[in-house]
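Please keep the sequence and the 3D view at hand while reading.

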Amino acid sequence: MFIDIPNELEAALIDLCLPMWKLDGPFLASASAERYRTELRATPQFRETVATLRHALTGADGGYAVLRLGNLVKALGTDDDRFLRLATGFAAEVAVPFSPFPRWPLWKDIAVKVDKDPGKSSGTGYNAFHMDLVNGTLPPDFTTLLCVRPDPLGGGPSILSDVHAAVARLSEDSRALLAEPAYHYGTFFDLFGVGEEYRPFPILAGSEPGKGFVRFTAKMLERSQLGRVHADAARGLAEELVRGQVSFMLQAGDYLMVNQRRFLHGRKALHHGQETVPVADRRLLLQLFLRASADDDSAAPTAVGTGGSPCPTSA
Ligand SMILES: O=C(O)CCC(=O)C(=O)O
Ligand SMILES: [Fe+2]
């Protein structure tokens with residue numbers, strides 16, 4: 001699940017300067033994806049690394065991967081977008097990057113805010129198992145989190161759990177309750193590319209067991225008004241997710257990608273004392289969503305974008 005970048009590839013990527021991407025509505029423009037693909041495929045062992053990544057995300061038993069880009073972020077820094085363009089290039093090999101939030105260009109900051117609801121994104125507490133954009137009819141196929149800075153106090157390990165395995169450990173009665181449209185979570189406005197608001201929704205779709213989305217967030221147990229038997233069934237699922245969880249700390253440059261049809265994710269609490277850490281030193285992740293259904297080769301590329309900031313001459 002942890003994928004190292006071969007030395008030769010790392011060296012080539014440090015020398016590569018991809019142009020700034022362009023967007024087509026909320027999606028990465030296909031011309032940008034094509035340009036990135038052409039440049040990246042010319043580097044040694046890029047295709048092999050991407051094949052390993054895809055297999056980790058979508059192969060049998062797969063569902064998440066951590067691409068270790070630590071040496072790249074060390075070499076390139078984060079003062080300009082060069083490192084982010086490379087990460088976008090890797091993401092675009094998995095599926096189509098897009099931004100559901102009109103306010104965020106493509107990547108969304110997940111910083112640490114000490115005054116926010118601790119259990120939510122950017123909060124300092126336990127971020128319980130969830131699927132991102134759970135209340136859209138079409139949640140992103142993949143959610144990805146790029147670690148720019150871990151918690152300097154050493155907290156906030158990521159947690160991941162195979163959601164179909166967790167469902168399989170539940171009783172038939174619980175599964176029947178989870179298949180009823182009795183669940184809801186959060187608000188839904190101004191979102192692109194994730195369908196319509198789904199409310200109420202069933203956690204388990206009727207289709208083949210073991211396939212598709214298990215539409216779940218353990219946050220609904222605290223934050224949504226649910227009927228008692230349905231809440232109990234959902235709590236049972238949350239407990240099984242914890243029972244089956246893996247946990248690890250993302251390091252600077254680690255790029256976690258999660259197949260939302262297979263795994264749910266979350267994060268343990270950050271270390272206490274975040275208010276003593278200067279804002280600029282606090283944990284920082286960047287989030288990007290991917291849509292699998294748009295076919296990569298459809299729209300023929302038009303003019304290739306070359307905008308954005310130039311590469312430093314020292315490169
Ligand atoms: O902070 C993390 O590691 C996870 C954040 C997250 O899952 C989210 O904001 O959706
Ligand atoms: Fe999330």
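## Packing of two helices

In this predicted model, helix α2 (residues 30-41) packs against helix α5 (residues 82-94) at an angle of about 100°, and their axes are 9 Å apart. Axes here are lines fitted to C-alpha atoms, for helices over the stretch in contact, with angles running from 0 to 180 degrees between N-to-C directions; helices (H or I, at least four residues) and strands (E, at least two) are DSSP runs, numbered from the N terminus. The helices α2 and α5 are therefore roughly perpendicular to each other, a term that covers angles of 65 to 115 degrees.

Ala33, Tyr36, Arg37 and Leu40 of α2 make the contact with Thr88, Gly89 and Ala92 of α5, where contact requires C-beta atoms, placed from the backbone, to lie within 7 Å. Four of these residues are nonpolar, two polar and one charged, counting Ala, Val, Leu, Ile, Met, Phe, Trp, Tyr, Cys and Pro as nonpolar, Asp, Glu, Lys and Arg as charged, and the others, Gly among them, as polar.

## The open sheet

Four strands form an open sheet in the order β7-β12-β9-β10, with antiparallel pairing; strands pair if DSSP finds at least two bridges between them. At the edges stand β7 (127-130) and β10 (246-248), each with a single partner strand, so one side of each is left without a neighbour in the sheet. On average, and with direction ignored, neighbouring strands of this sheet are turned by 15° against each other.

Within the sheet, β9 (residues 158-162) and β12 (residues 263-267) pair in the antiparallel sense over five bridges, and leucine 160 has histidine 265 in β12 as its bridge partner.

## Ligand surroundings

Ligand 1 is surrounded by Ile110, Ser121, Asn127, Asp132, Leu145, Ser158, His265, Arg267 and Leu285, taking residues whose C-beta atom, placed from the backbone, lies within 6 Å of the ligand. This shell divides into three nonpolar, four polar and two charged residues.

## Backbone details in loops

The peptide bond from arginine 199 to proline 200 is cis, with omega near -5°, and proline 200 lies in the loop between α7 (172-178) and α8 (220-223). Glutamine 45, although not a glycine, has a positive phi of about 65°; its place is in the loop between α2 and α3 (46-58).

## Confidence and conventions

The protein chain has a mean pLDDT of 92, and 91% of its residues reach 70 or more, pLDDT being the predictor's confidence in each residue, from 0 to 100. Over residues 296-308 pLDDT stays under 50, and the model has 21 contacts beyond four places in sequence for this stretch.

Residues are numbered from 1 along each chain as its sequence is written, while chains are lettered from A and ligands numbered from 1 in the order in which they are written. Because the model is predicted, local features need pLDDT of at least 70 and side-chain atom pairs count only at pLDDT 80 or more, whereas totals for chains, interfaces and linings use all residues.

Conventions:
Angles under 35 degrees count as roughly parallel, over 145 as roughly antiparallel, 65 to 115 as roughly perpendicular and the rest as oblique. Two residues are in contact if their C-beta atoms, placed from the backbone, lie within 7 Å.
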